[in-house]
Amino acid sequence: MIIPRPARAVAALAVLAACPSAAVAQDTVVTLPEPSHDGNVSLERALHRRESVRDFTARSLSQEQVSQLLWAAQGITRLDGGRTVPSAGGLYPLELYLVVGDVDGLESGLYRYRPGSHDLVPVGAGDHRSQLAAAALRQSWMREAPVTLVFAAVYARTTGKYGERGRKYVHMEVGHAAQNVYLEAAAMGLGTTFVGAFHDNQVKGILGLPASEHPLGLMPVGWPE
């Protein structure tokens, strides 16, 4: 049971209020495997392996691998609700989506990750990798990755406390989260690249993002060629 500190509790309620589809039918939720907290690759080795990868094989990913990547990006690590990345004021403005093309036992589609329950909520059916690649200035290599993680931001969660400077804090936070994904991917022998070149409105349309959420980065992940 998570018992947040008073300040965190207020922030948590604000985040839930801002999240779309906070209440969903439980039979539609995809429960992810528990992430590992003790890997076989040292931090130093993962740092040494980390690189930007844009060529992938046709090999699928497992749900265990997807679970680990999502947890590394935004997973809960402490009883007070703290996550794997630092966040100004503990406000956690990032929303994380998963575009699935080829994952064992998981339907192709669009999903929203919920850190508190470590699960996925479907938000769209079908394989949208080609659409996403087209929105990312036609970077065709993105279509080959089994999954793409999409980071979006609800700026108001942070600017409500810090004003316009809060936008800078949000951008710092997505950098922390992206590096976590890079290192987790490297530790599992996978590859990824952070993609910031895309048409915002097209990505919003593909994912069906509400007006309050703004896409910040795409991270296709797969087995390096």
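Start at the second largest pocket, which has a volume of about 430 Å³. Here a pocket is an open set of points on a 1 Å grid over the protein atoms alone where a 1.4 Å probe fits, with protein on both sides within 12 Å along at least five of seven lines; its volume is the space filled by probe spheres set on the points. Before you click on, note that this is a predicted model, where local features need pLDDT of at least 70, side-chain atom pairs count only at pLDDT 80 or more, and totals for chains, interfaces and linings use all residues. Residues are numbered from 1 along each chain as its sequence is written, and side-chain values use heavy atoms, with hydrogens and water left out.

Stop 1: Select Gly 39, Val 41, Gln 68, Glu 184 and Ala 187, the closest to the pocket centre of the 15 residues that line it; a lining residue has an atom within 4 Å of a point. Next, colour helices H2 (43-49), H3 (63-74) and H6 (166-187), the elements that each give two or more residues to this lining. Helices are DSSP runs of H or I with at least four residues, strands are E runs of at least two, and both are numbered from the N terminus. H6 provides the largest share, 4 residues.

**Stop 2: where H3 meets H6.** Keep these two helices on screen: their axes, lines fitted to C-alpha atoms over the stretch in contact, come within 7 Å and cross at roughly 150°, on a scale from 0 to 180 degrees between N-to-C directions. Show Gln 68, Leu 69, Trp 71, Ala 72, Ala 73 and Gln 74 in H3, which meet Ala 177, Asn 180, Val 181, Glu 184 and Ala 185 in H6. Contact means heavy atoms within 4.5 Å.

**Stop 3: Pro 224.** Now move to the segment after strand E7 (214-222), where Pro 224 sits. Among the residues that Pro 224 touches are Val 53, Asp 55 and Leu 190. Thr 57 is 167 residues away along the chain, yet the two C-alpha atoms are separated by 6.2 Å.

**Stop 4: two positive phi values.** Most residues other than glycine have a negative phi. Tyr 92, in the loop between H3 and strand E2 (94-100), has a positive phi of about 45°. Is Tyr 92 buried or exposed? Tyr 92 counts as buried because its relative accessibility is 6%, and buried means under 20% (1.4 Å probe, protein chains only). Finish at Arg 138, in the loop between helix H4 (129-135) and strand E5 (147-153), where phi is near 60°. Arg 138 is exposed, with a relative accessible area of 68%; exposed means over 50%.

Technical notes:
Lists of a residue's contacts leave out its neighbours within four places in sequence.
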